[in-house]
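Take a walk through this model, from its aromatic side chains to its core and then its pockets. Keep the structure open as you read.

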Amino acid sequence: MQELHKLLDQLQSNITSFDKVNLAVSSGSVGWHIAHSLKTIDQIVMACKHSNPSEYQWHFNFKRFLFLSIAKKFPRGKARAPKIVRPEGEINQEILALNLEKVKEHLQNWKGLDANVHFPHPYFGVLNKKETENFLVLHTEHHLMIIKDILK
């Protein structure tokens, strides 16, 4: 999760540009992408913490294998964020900073969690702890690249 913490620092450094938009890149603002990334991390970490490791069963999933192991990135504009991780309401620097701190707090004891904590991903099936870490890093990098392009 050390890599994810570095990415969180990058998200934090972009908070001051929360209101920037570039419709040629994305309909979402920099703040929307930060809020979505933070909400995704938070929802997934909490789902893993509340999962029962003894219920985890690995199943092959081609999309998971392709994107998390081979491509190691996500194509733009091909998937829509599930409603549960879409930011709603006002987005400003204060809200983003508070959400960032909440995510960091929820990640504090991640290392101590069982290897079979898991969550159900809508495209990739059930992801265990290691797969979840990989997904969160790739997902956050994906949105940081969008943010970078918005700010060009």
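Rings of Phe, Tyr and Trp count as a pair if their centres lie within 6.5 Å. With that cut-off, F67, F74, F119, F124 and F135 form one aromatic cluster. The model is a predicted one. Across the whole structure, the search finds 8 aromatic pairs.

One of these pairs is F74 with F124. F74 sits in the loop between α3 and α4, while F124 sits in the loop between β1 and β2 (125-128), so the pair ties together parts that are 50 residues apart in sequence. F74 has 15% relative accessibility, so F74 counts as buried. F124 has a relative accessible area of 6%, so F124 is buried too.

What does F135 touch, beyond its neighbours within four places in sequence? The contacts are T40, I44, L68, F74, F119, H121, F124 and L127. F135 and R80 are 55 residues apart along the chain, and their C-alpha atoms are separated by 16 Å.

The general background is simple: in soluble globular proteins, nonpolar side chains tend to be buried together. Here, the largest nonpolar core has 34 residues. Those with the most contacts inside this core are L8, I34, I41, L107 and F135. Which elements give two or more residues to this core? They are α1 (2-13), α2 (30-49), α4 (93-107) and α5 (129-151).

Leaving out residues up to four places away in sequence, L107 touches M1, L4, H5, L8, I41 and V45. L4 is in that list, and L4 lies in helix α1. The relative accessible area of L4 is 0%, so L4 is buried. Again leaving aside neighbours within four places, L4 is in contact with I41, L107, L136, V137 and T140. L4 and T140 are 136 residues apart along the chain, yet their C-alpha atoms are separated by 7.9 Å.

Rolling a probe the size of a water molecule over the atoms shows where empty space is left. How much space lies in the largest pocket? The volume is about 1000 Å³. Its lining has 36 residues, and the closest to the pocket centre are H36, A79, R80, A81 and H139. Elements that give two or more residues to this lining are α2, α3 (62-71), β1 (118-121) and α5. α2 gives the most, with 7 residues. By class, the lining divides into 19 nonpolar, 12 polar and 5 charged residues.

H139 deserves a stop. This histidine is found in helix α5. Its relative accessible area is 9%, so H139 is buried. Beyond its neighbours within four places in sequence, H139 is in contact with H36, S37, T40 and F74. H36 is also among the residues closest to the centre of the largest pocket, and F74 belongs to the aromatic cluster.

The second largest pocket holds about 200 Å³ of space. A total of 14 residues line this pocket, and A35, K39, P87, I95 and N99 lie nearest its centre. α2 and α4 are the elements that give two or more residues to this lining. The classes here are 7 nonpolar, 2 polar and 5 charged residues.

Finish around α3. F65 lies in this helix. F65 has a relative accessible area of 39%, so F65 is partly exposed. Not counting residues up to four places away in sequence, F65 touches F60 and I70.

One backbone detail remains. Most residues other than glycine have a negative phi. K72 is not a glycine, yet K72 has a positive phi of about 55 degrees. K72 is placed in the loop between α3 and α4.

Terms used:
Residues numbered from 1 in each chain as written. Predicted model: local features only at pLDDT ≥ 70, side-chain atom pairs only at ≥ 80, totals over all residues. Heavy atoms only, no water. Core = buried A, V, L, I, M, F, W, Y, C linked by side-chain atoms within 4.5 Å. Buried < 20%, exposed > 50% of the residue type's maximum accessible area, 1.4 Å probe, protein only. Helix = DSSP H or I, 4+ residues; strand = E, 2+ residues; numbered from the N terminus. Contact = heavy atoms within 4.5 Å. 1 Å grid on protein atoms, 1.4 Å probe; cavity = no way out; pocket = protein on both sides within 12 Å on 5 of 7 lines; lining within 4 Å. Points joined across faces, edges and corners; volume = space filled by probe spheres on them. Nonpolar A, V, L, I, M, F, W, Y, C, P; charged D, E, K, R; others polar. Phe/Tyr/Trp six-rings, centres within 6.5 Å; stacked < 30°, edge-to-face > 60°.
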